[in-house]
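Have the sequence and the 3D view open as you read.

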Amino acid sequence: MRLATWNVNSIRTRADRVAAFLERHDVDVLAMQETKCRDDQFPEARFTALGYEVAHVGYSQWNGVSILSRVGLEDVTVGFPGQPCWGEDTSCEARALAATCAGVRVWSLYVPNGRTLADPHYTYKLEWLAALRGTAAGWLADDPAAQVALVGDWNIAPQDDDVWDMSVFSTSTHVSAPERAAFQAVVDAGYADLVRPHAPGPGVYTYWDYTQLRFPRREGMRIDFLLGSPALAARVDGAFIDREERKGKGASDHAPVVVDLS
């Protein structure tokens, strides 16, 4: 089973690129983030024609998460227990979606950005991650043999090697000690980084800003991850980041990340 995650930064803009990626890499399950559309705007037919079932949740031109699967798509769940809402909103943002695909519980996650260290959105981000950690730890406490994948855009660079120049980010989000601690707490709860052993740094990134020629200068960040429960981690045969997908006209500012499971 080949499992991938990709922040596509608008699925309506990049549906053809996503379809080509699925076919080129023979992907079984793809979790997407930042689809930026309502459910009725999602180009579902483009993917069902390729043999994929589709789950999506999105409310507007912001956020949005989806899962495409050609190996089954069962027990679709929007949001995780305890997921906090942003500000005064009474409904949670479209940032978490789960489905069971060939026995693997796949969560497509779009972690809040945080904006700045002084912004209320930063506090929201830490609360969101703490809630995810608590809930995800509970899944393994209930079933240590559960196959769970927490995948997506985490908006955190957990190690210094995961940014091209730490001095540029020294007072920014994504690399602050509380954010890194929140990421590590999920790892400590039993969810291993499935990709790093197969694609170690430094200089290995998943995101490059559109501005200031960041991509050709190789000035990126590693913020997209697939974390897996012990039972899932034991199945990993290999993993890679498809940097080529960041090239060319109409590319997302993120690259897909792929894991192969035995």
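Ser66 is buried, with a relative accessible area of 0%; buried here means under 20% relative accessible area, using a 1.4 Å probe and protein chains only. This is a predicted model, in which local features need pLDDT of at least 70, side-chain atom pairs count only at pLDDT 80 or more, and totals for chains, interfaces and linings use all residues. Residues are numbered from 1 along each chain as its sequence is written, and side-chain values use heavy atoms, with hydrogens and water left out.

So where does Ser66 sit? Look in strand β4, residues 65–69 (strands are DSSP runs of E, at least two residues, and helices are runs of H or I, at least four, numbered from the N terminus). The Ser66 side chain reaches the backbone oxygen of Ala55 at 2.8 Å. Setting aside neighbours within four places in sequence, the contacts of Ser66 include Leu30, Met32, Phe42, His56, Leu97 and Ser108, a contact being heavy atoms within 4.5 Å.

Strands β5 and β6 (residues 96–101) pair in the antiparallel sense over three bridges; two strands count as paired if DSSP finds at least two bridges between them. They belong to an open sheet of six strands, in the order β5-β6-β7-β8-β10-β9, with mixed pairing. Its edge strands are β5 (74–78) and β9 (192–193), each pairing on one side only.

Now follow the sheet across to β10 (residues 224–228). Five of its five residues are buried, so β10 is largely enclosed by the rest of the structure. Both faces are covered, with Asp224, Leu226 and Gly228 on one side and Phe225 and Leu227 on the other. Five bridges join β10 to β8 in an antiparallel run, and Gly152 has Phe225 as its bridge partner. β10 also pairs with β9, antiparallel over two bridges, where Asp193 stands opposite Leu227.

Helix α3 (residues 120–142) lies across β6, β7 (104–110) and β8 (148–153), and runs at about 175° to β7; axes are lines fitted to C-alpha atoms, for helices over the stretch in contact, and angles run from 0 to 180 degrees between N-to-C directions.

Zoom out, and the protein chain comes to five helices and 12 strands. Of its 262 residues, 56% count as buried. Residues 24 or more positions apart account for 70% of the contacts with a separation of 6 or more.

Note on methods
Buried means under 20% relative accessible area, exposed over 50%, partly exposed in between (1.4 Å probe, protein chains only). A polar contact is a pair of N or O atoms within 3.5 Å; within protein, one must be able to donate a hydrogen and the other to accept it, and residues adjacent in sequence count only if both atoms are side-chain atoms.
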